[in-house]
Amino acid sequence: MKDYPVLGKKDTRSGFGDGLTELGKTNDKVVALCADLIGSLKMGEFQKNHPDRFFQVGIAEANMMGIAAGLTIGGKIPFTGTFANFSTSRVYDQIRQSIAYSGKNVKICASHAGLTLGEDGATHQVLEDIGMMKMLPHMTVINPCDYNQTKAATLAIAEYEGPVYLRFGRPSVPIFIPEDMPFEIGKAIVLSEGADVSIFATGHMVWKALEACKELEAQGISAEIINIHTIKPLDKEAVLASVRKTKCAVTAEEHQLAGGLGESIAQVLSKELPSPMEFVAVNDTFGESGTPDQLLEKYGLTTANIVSAAQNVLKRK
Amino acid sequence: MHEKIVNLENFAKQVRRDIVRMVHAVQSGHPGGSLGCADFITCLYQDIMTHNANIFSMDGDNEDLFFLSNGHISPVFYSVLARSGYFPVDELKTFRKINTRLQGHPTTHEGLPGVRIASGSLGQGMSVAIGAALAKKMNGDDKLVYCLHGDGELQEGQIWEAAMYAAGNKVDNLIATVDYNHKQIDGDIDDVLPLGDLRAKFEAFGWFVLEMNGNDIKDILQVMAIAKAKTGQGQPIMIIMKTEMGQGVDFMMGTHKWHGSPPNDEQLASAMAQIPETLGDY
């Protein structure tokens with residue numbers, strides 16, 4: 001398999017924050033809004049550099065989404081920042097009507113997605129956000145996998161015209177995507193080619209998929225690792241091309257099975273290329289307090305879970 | 001002044017005919033609040049706002065902008081937009097019909113000139129208006145942003161988030177109006193969920209508050225002139241506009257029952273007999 005040296009360790013939210021800082025310097029249409037979580041979202045540098053382009057809205061996420069929609073009328077490119085839970089389920093109707101249906105160029109940037117925010121527990125661990133957002137017509141949904149990719153995605157969405165949901169997280173995780181790797185919205189990245197099983201992963205699970213790839217290789221199983229950073233629009237051609245070769249698929253995501261990446265891929269395969277599939281995802285349950293690693297272990301989102309999913313799907317070929 | 005008022009009254013009369021005919025034709029829609037706001041929306045588009053109906057641009061640079069937050073009174077919005085030149089008056093006959101740009105609730109989705117945000121799910125328009133007002137300030141654009149809300153709509157929490165933000169951040173190029181007709185779908189607002197002392201509430205939030213009779217064009221012009229003069233002084237402006245739901249059609253007045261009900265053929269004839277055709281029916 002292709003080797004990805006660890007370039008360091010950082011949280012993906014810092015990739016967002018640093019991307020936003022760069023956009024502040026390069027694109028004067030970019031404005032940012034935050035609902036009392038500047039530190040958590042790493043938006044402090046943008047706020048410091050551009051106080052006139054930064055809006056602290058307080059703990060009022062619905063109002064933040066509406067103001068963001070309004071700012072586009074006048075040519076601004078608003079980036080909203082709060083936790084993933086408060087970026088989606090709390091404000092779903094505001095996003096649906098004032099942003100998605102109204103076709104507004106708002107970038108909804110969401111940190112602390114999934115289980116790995118840890119000790120705050122289930123109230124804050126949104127595991128349904130990808131599903132909610134991908135159901136909205138014309139919404140683009142992106143879940144990058146490390147610091148570099150999150151930064152690249154942040155820069156890319158400013159250039160794209162239309163509503164975007166950008167999902168990232170709290171914990172420090174390995175950086176392995178080369179800094180100069182191009183980021184193209186809607187274009188999957190084959191991280192490692194293989195012949196026996198396709199593993200489609202998004203977000204924090206991409207690194208675990210690469211770890212699983214190594215373990216599978218030691219067992220004589222050749223896995224193909226595909227990084228799906230854009231869940232919608234899904235790169236159907238990349239999905240089909242890989243599964244045509246391997247004849248089976250595993251998906252891995254820090255999200256509910258219902259509504260997630262696995263469901264999107266199953267939809268493509270069931271129509272175009274019915275193939276055995278296994279899913280590594282949270283299965284119809286809420287999270288709880290704990291360290292990120294404890295939670296990933298308890299809810300079945302580890303490297304070992306991906307390995308056993310690959311072994312299982314191979315038996316069904 | 002007198003001639004201007006007569007002209008505006010004649011415009012509003014035709015708008016009222018349009019409203020009743022539109023909801024009758026499709027046997028659905030919201031005539032009550034539409035009739036109540038006909039004078040106000042007429043004054044906005046025919047006198048108060050600086051706007052360009054001929055070349056609609058979404059950004060509306062150097063134009064005053066209006067956001068209808070209580071989207072269900074779309075008939076009055078569509079009629080005034082069409083008769084102000086945003087789209088052909090004849091298109092009013094497509095209201096609520098399949099493939100129309102005149103959706104039941106206003107939307108940008110079908111590309112109807114004059115509409116800058118979808119509304120219908122209540123409580124969202126003030127936030128959007130604030131965003132547009134902030135963009136104007138950033139762009140050095142000294143034109144104003146207007147928004148209209150239903151009184152029942154003020155029961156939505158987002159309104160108060162927006163009200164707190166606008167005052168706290170001195171969004172003083174914003175003139176919001178609430179259509180205070182005291183009625184909502186289920187009945188009198190005091191029976192459903194009382195708003196209490198609305199003036200005191202907005203003043204306590206930090207707004208400059210005015211009151212006006214929304215069914216008296218002279219009063220509308222006078223109060224809106226005061227409102228305009230108060231912009232740029234560090235406070236958002238709220239106008240509590242008293243109206244009569246169903247204004248202009250006797251059997252629709254004094255009741256909440258015409259909030260969302262269309263007239264039958266006889267009722268249409270009765271309404272038409274009460275409102276003279278002034279600018280020509282569509």
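Predicted model: local features only at pLDDT ≥ 70, side-chain atom pairs only at ≥ 80, totals over all residues.
The expected span of a helix is 1.5 Å times one less than its number of residues. By that standard, helix 9 of chain A, which covers residues 205–218 and has 14 residues, reaches 20 Å from its first C-alpha to its last, close to the 20 Å expected.

**Chain A as a whole**

- Chain A contains 13 helices and 14 strands.
- The radius of gyration of chain A is 19 Å, close to the 20 Å that the globule rule gives for 317 residues, and chain A is therefore as compact as a globular protein of that length.
- Taken along the principal axes, the box filled by the C-alpha atoms of chain A is roughly 60 × 40 × 35 Å.
- Of the 317 residues in chain A, 61% are buried.
- When contacts in chain A between residues at least 6 apart in sequence are considered, 81% of them join residues at least 24 apart.

**Helix 9 of chain A**

- Just after helix 9 of chain A comes A:G220, which takes a positive phi of about 85 degrees.

**The contact between chains A and B**

- Chain A gives 22 residues to the contact, and chain B gives 27 residues.
- On the side of chain A that touches chain B, helix 4 (61–72) and helix 6 (92–101) of chain A each supply at least two residues, and the largest share, 8 residues, comes from helix 4 of chain A.
- Sorted by class, that side of chain A has 9 nonpolar, 10 polar and 3 charged residues.

**A sheet in chain B**

- In chain B, 5 strands form an open sheet in the order 1-2-3-7-6, and the pairing is parallel.
- Strand 1 (65–68) and strand 6 (208–213) of chain B each have a single partner strand and stand at the edges, so one side of each is left without a neighbour in the sheet.
- From one strand to the next, the twist averages 20 degrees.
- Strand 1 of chain B runs parallel to strand 2 (residues 145–150) of chain B and is joined to it by 4 bridges; the bridge partner of B:L65 in strand 2 is B:V145.
- Helix 9 (residues 217–229) of chain B lies across strand 3 (174–180), strand 6 and strand 7 (237–242) of chain B, and runs at about 170 degrees to strand 6 of chain B.

Definitions and conventions. Residues numbered from 1 in each chain as written. Chains lettered and ligands numbered in written order. Pairing = 2+ DSSP bridges. Axes fitted to C-alpha atoms, helices over the stretch in contact; angles between N-to-C directions. Contact = placed C-beta atoms within 7 Å. Nonpolar A, V, L, I, M, F, W, Y, C, P; charged D, E, K, R; others polar. Rg over C-alpha atoms; globule rule 2.2 N^0.38 Å. Buried ≥ 20, exposed ≤ 12 C-beta atoms within 10 Å, placed from the backbone.
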